[in-house]
Structure formats: C-alpha cells, structure tokens
Amino acid sequence: GAFVGATNGLYGVVAKHLTAFENHRTEQAHADALVTKTFAFQFVNSYAPLFYIAFVKANDSQLFSSLD
C-alpha cells in the first residue's frame with residue numbers, strides 16, 4: 001500500500017527529469033514519452049505484489065519442501 005504509493009510518486013519526479021533530457025521535437029512527443037514511462041512503471045509497481053503473492057508466495061512451501 002504505502003510503499004507502492006511512495007514509489008509511484010518518487011518515480012513521477014524521476015520520469016519528468018528523464019523525459020526532459022530526451023530532447024523531443026514537439027511538446028506532444030514529450031508528453032507521450034512521459035505518459036508512457038509513468039504508465040509502464042506504475043503498472044509494474046502496482047501489480048508486482050499481486051504476481052508475487054499469486055505465483056511465488058503461494059508456492060513457497062512447495063519450493064522449500066523440494067529443497068529438503
């Protein structure tokens with residue numbers, strides 16, 4: 001919850017700086033690049049915990065039992 005929100009906010013600032021360094025020809029290209037970066041990061045950042053719980057955490061007892 002809180003970690004995801006904090007990292008989304010932090011990356012918003014980082015994405016603005018990264019996009020500013022890319023030297024886009026138009027404001028629209030600049031805005032498109034910023035939206036793409038922000039969407040991609042927020043998607044991964046928001047859904048990674050769900051994939052972790054569904055695929056790793058759900059099977060960790062099987063993983064650790066196979067190591068014995």
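I looked first for salt bridges, taking one to be a side-chain nitrogen of Lys or Arg within 4 Å of a carboxyl oxygen of Asp or Glu, and my search of the whole structure found 1. I noted that the side chains of Glu22 and Lys37 form this contact, at 2.6 Å from N to O. The pair links distant parts of the chain, 15 residues apart, with Glu22 in the loop between helix 1 and helix 2 and Lys37 in helix 2. I then looked up Glu22 itself, which is partly exposed at a relative accessible area of 34%; here buried means under 20% relative accessible area, exposed means over 50%, and partly exposed lies in between (1.4 Å probe, protein chains only).

I wrote down that this is a predicted model, in which local features need pLDDT of at least 70 and side-chain atom pairs count only at pLDDT 80 or more, while totals for chains, interfaces and linings use all residues. Residues are numbered from 1 along each chain as its sequence is written, and side-chain values use heavy atoms, with hydrogens and water left out.

Next I listed the elements of the protein chain, and there are 3 helices and 0 strands, running α-α-α from the N terminus on. Helices (H or I, at least four residues) and strands (E, at least two) are DSSP runs, numbered from the N terminus.

I turned to helix 1 (residues 2-20), whose 19 residues should span 27 Å at 1.5 Å a residue, and its end C-alpha atoms are 28 Å apart, which agrees. The expected span is 1.5 Å times one less than the number of residues. Which residues of helix 1 are buried? I found Val4, Thr7, Asn8, Tyr11, Gly12, Ala15 and Thr19. They cover an arc of only 155 degrees around the axis, so they sit on the same side of helix 1, the arc being that of the directions from the helix axis to the C-beta atoms. On the other side of helix 1, Ala2, Phe3, Leu10, Lys16 and Ala20 are exposed. Helix 2 is among what covers the buried residues of helix 1, where contact means heavy atoms within 4.5 Å.

Last, I checked the surface: the protein chain exposes about 5,500 Å², and carbon and sulfur atoms supply 68% of it. Of the 68 residues in the protein chain, 15% are buried. I also noted a nonpolar surface patch of about 1,100 Å², with Phe39, Tyr47 and Val56 among the residues that make it. Tyr47 lies in helix 2 (residues 27-56) and is partly exposed, with a relative accessible area of 41%.

Conventions
Patches are made of residues with over 30% relative accessible area and no salt bridge: like charges are joined within 9 Å, nonpolar side chains (Val, Leu, Ile, Met, Phe, Trp, Tyr) within 5 Å. Accessible areas come from the Shrake-Rupley method with a 1.4 Å probe; for residues, only the protein chains shown count as cover.
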